[in-house]
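Here is a friendly walk through the packing of helices, strands and chains. Have the viewer open as you read.

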Amino acid sequence: MKRIALIAKNAFRAVMSQRAVYLWGFAILIMFLVSGRALFTNARAPEVLAFIRATSVAAALGVWSLMCLAAAVYLGATSVAGDLRSKTIITVLARPVRRWELMLGKWIGVTAFCFVTLGIGVALGLALAAYVDVNVDRDGLAVAVMRTIGSIVVLGGIATALSASGSAPIAGAVAVLIGVMPMLITPLRERPEPIYQRLGAALDMIIPPDNETLYGGVVWAPVPASPAAAGAPAQRRTPIDAATQRQRTAEAIGYAGIYFAVGCFFFTRRDLKFS
Amino acid sequence: MSQPVIAVANLVKNYRAGVRRNIVQAVRGLSLSVPRGSIVAFVGPNGAGKTTTIHTLLGFLKPTAGRVRVFGESPGPAVARRIGYQPEIFYTYSFYSAREALRFYGQLAGMTSSALETAIPPLLDRMGLTDAGKRPISSYSKGMAQRLGLAQALIHDPELLILDEPTSGLDPEGRRLVLDIIVEEKSRGRTVFLSSHILSDVERTCDEVVMVRQGQVVMADRLSSFGAAGQQWDVEVFGWTAAHRDLIAGLATVVHENGGTAILRCEISEKQALLRMVVGVPLEIGSVQPMRAATLEETYLKHAGAAS
C-alpha cells in the first residue's frame, strides 16, 4: 500500500511539474469565455437575465467537467506509456514493486490531479453563481460532481490500463472511443434489424455507461415565456434522480475495475523490452 | 560451497521483431554463475545479449527457455529488495532533486524515513553530490546523473549490485570514484555483477570475467589468469637442427621451429638444466623469458571481438 501511495504521489507530482498551473489558467480562461454572457449580458427583463445567467453558469461547469475528463484520458494514456518511453520505469520496477502496483499508483495519481482540477472548477462555478446571483441546487450539484468523479475514475482507469500497451496515442484514442461509444448503443438497439440490435446489446455489455453531464439541472432557470405562451403552466426543474445516478456511477466504476484488471494482467505478463 | 548469488542455466531469449515478426535470438543457451562476495565482469560487444541477460535477472523479460535464479529464487519483487541496479543510462524524474530521488527509490525499496535520513547525506557525500543535492536533476551533467544512478542502486544497501556500464560518460575522476566504490562494496561482502566495455576497469576491479558473444558465453575465467607470468619459460635458440630434439627430451618441448631457430618451452624447475644443456651443445641463446598468458584484451579480441 505504501508503494502504491508513493507512485501515486510521484504521478501527481509529475503532472504538476508539466506546467499544470498554465493548464489550469487556460481552463479558467475557457470557463470565463463560456460564462461571459452571464457577466456581460445587457438583458433587462429579470426572467431573461436569470435564464442567461443560469445557462451560462451551467455551461461553464459542464465545460470544466469535460476538460477534467479530457485530462483524465490524456494523463492516463501517457502515464505508464510515458514511463516506458522515457525508461524511468526501469529503476522503479528494479525495486520490489509489482507491475499492478505501479499501474494502480499511476491511476490514483492521475485521478487525484483530475479531482483537484474538478474541485477548482466547482469552486469557481459556485463563486460565479454567487457573483451573478444564481441559485444552485446543492444536492443536485453533489450528484453531478459524483457523476463526473465516476467518469474521471472510469476514463482515467481505462486510459491507464491501455497505456500499459506502451503507446499513449493508441491508449488515448481507444479510451475516447470507449467514452463516446454509449451514444451509439441506444440508436443501435432501437434499429429494427436484429444484427444492429445484437451489436447494440453486445456493446451495452462491454462499454461502461455514458458520461452524462448533469450540470444543466443543477443551475436552472425557466425558459422565458413568449407573449403567445401566456397562461401556459409554469415550467419546473426536472429533479435529478440521485439513486439512479449513484447506481450508474457504481456500475461505471465496476467497468473501470474490470478494464483495469485486464490491463494489469497483460502488463504483468508482457516483456518489458527497452531499445 | 555456498549457493551462487546468480545462477543462469541454458538461458534462451527470443524476440519477435520487424514487420514479419521474425524470431530474433538475443540469448542462446547462456549459462553463468556469480559466487557470493565476488565481482564478476560481464563483457562482450554490443548486441551480445548482456543487457537482455541483465533484464532477465531483474524480471523485466521472461526467459524463452532455461533457468534463472537470483539468491536461489526466480527474479521478481521478492528478490528485488536485495538487488541494487544501475542502468547504463540513469533515466529518472527530472523534477526531483538528488535527495528527493534517493528518498523515493529508498522508500520503494522499503526503507523508513528515519533510515533514509541517516543514509542519504553520507551517500551523497560519497558520490560527490552533496552541494548539488537540492538541485533539480534536470540541471545535472551526465557524469553527475551517472553518479546519482549508482547512489540509487546503493541506497537500500543491497547484497547484490548489478551495474550496467557504471563508468560510461564519467570523467577520469568520476570513473576512479565509481571503481573505488565498487571495490569498497566487495570488501563489505557485497556481490557485484558488472557489465562493461572498458577492459581496464574490469582488470582493476573484477575477480572473474564472463565473455559473451552472440548470446553465448565464449569464455569464463578468473581474472588473475590473464597476462600473468606462468610457471613455464620459453628459451629461444639459434643453430637448431632436428638432431637436437633427442637432447632436450624430458627437459622441454619445441613450441616453434623455423629454419635454425627454435623456441623451447620448459617448466621453471627444468630451466637451469635446459640452459646448461643448450650452452653445452653449443647452441646460441637468443632470449629467455617467462611464458605469459594472454591479456584480457587479447583474450577479448580473440573470443568476443568483432574479428573473432
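Helix axes here are lines fitted to C-alpha atoms over the stretch in contact, and angles run from 0 to 180 degrees between N-to-C directions. Please keep in mind that this is a predicted model.

**Helix pairs in chain A**

Let's begin with helix H7 (residues 138-163) of chain A and helix H8 (residues 168-180) of chain A, whose axes come within 8 Å and cross at roughly 145°. The crossing of H7(A) past H8(A) is right-handed. Which residues meet there in H7(A) and H8(A)? From H7(A) come A:Leu155, A:Ile158, A:Ala159, A:Leu162 and A:Ser163, and they face a set in H8(A) that includes A:Ile170, A:Val174, A:Ala175 and A:Ile178. The residues of this contact of H7(A) with H8(A) are ten nonpolar and three polar, with no charged ones.

Next, find helix H6 (residues 99-131) of chain A and helix H11 (residues 242-269) of chain A: their axes come within 9 Å and cross at roughly 140°. That angle is why H6(A) counts as oblique to H11(A). Here too the handedness can be stated: H6(A) passes H11(A) in a right-handed crossing. On the H6(A) side you will find A:Arg99, A:Trp100, A:Met103 and A:Trp107, while H11(A) brings A:Phe260, A:Gly263, A:Cys264, A:Phe267 and A:Thr268. Sorted by class, the contact of H6(A) with H11(A) has six nonpolar, two polar and one charged residues.

A further pair is helix H9 (residues 182-190) of chain A with helix H10 (residues 194-206) of chain A, packed at an angle of about 145° with axes 7 Å apart. The crossing of H9(A) and H10(A) is left-handed. A:Leu184, A:Ile185, A:Leu188 and A:Arg189 in H9(A) meet residues of H10(A), among them A:Tyr196, A:Leu199, A:Leu203 and A:Asp204. The contact of H9(A) with H10(A) comprises seven nonpolar, two polar and two charged residues.

The axis values for these pairs are set out here.

| Helix pair | Axis separation | Crossing angle |
|---|---|---|
| H7(A) and H8(A) | within 8 Å | roughly 145° |
| H6(A) and H11(A) | within 9 Å | roughly 140° |
| H9(A) and H10(A) | 7 Å | about 145° |

Turning to chain B, three strands form an open, antiparallel sheet in the order S2-S1-S4. Strand S2 (22-34) and strand S4 (65-70) of chain B are at the edges with a single partner strand each, so one side of each has no neighbour in the sheet. From one strand to the next, the twist averages 30°.

How many bridges join strand S1 (residues 6-17) of chain B to S4(B)? There are five, and the two strands run antiparallel. To see one bridge for yourself, look for B:Ala7, whose partner in S4(B) is B:Arg69. Helix H1 (residues 50-57) of chain B lies across S1, S2 and S4 of chain B, at about 115° to S1(B).

**Where the chains touch**

The contact between chain A and chain B takes 21 residues from chain A and 22 residues from chain B. On the side of chain A that touches chain B, the elements giving two or more residues are helix H1 (2-17) and helix H5 (89-93) of chain A. H1(A) gives the most to this side, with six residues. By class, the side of chain A that touches chain B has nine nonpolar, five polar and seven charged residues.

Definitions and conventions
Residues are numbered from 1 along each chain as its sequence is written. Chains are lettered from A and ligands numbered from 1 in the order in which they are written. This is a predicted model: local features need pLDDT of at least 70, side-chain atom pairs count only at pLDDT 80 or more; totals for chains, interfaces and linings use all residues. Helices (H or I, at least four residues) and strands (E, at least two) are DSSP runs, numbered from the N terminus. A crossing is left-handed if the near helix is turned anticlockwise from the far one by less than a right angle, and right-handed if clockwise. Two residues are in contact if their C-beta atoms, placed from the backbone, lie within 7 Å. Ala, Val, Leu, Ile, Met, Phe, Trp, Tyr, Cys and Pro count as nonpolar, Asp, Glu, Lys and Arg as charged, and the others, Gly among them, as polar. Angles under 35 degrees count as roughly parallel, over 145 as roughly antiparallel, 65 to 115 as roughly perpendicular and the rest as oblique. Two strands pair if DSSP finds at least two bridges between them.
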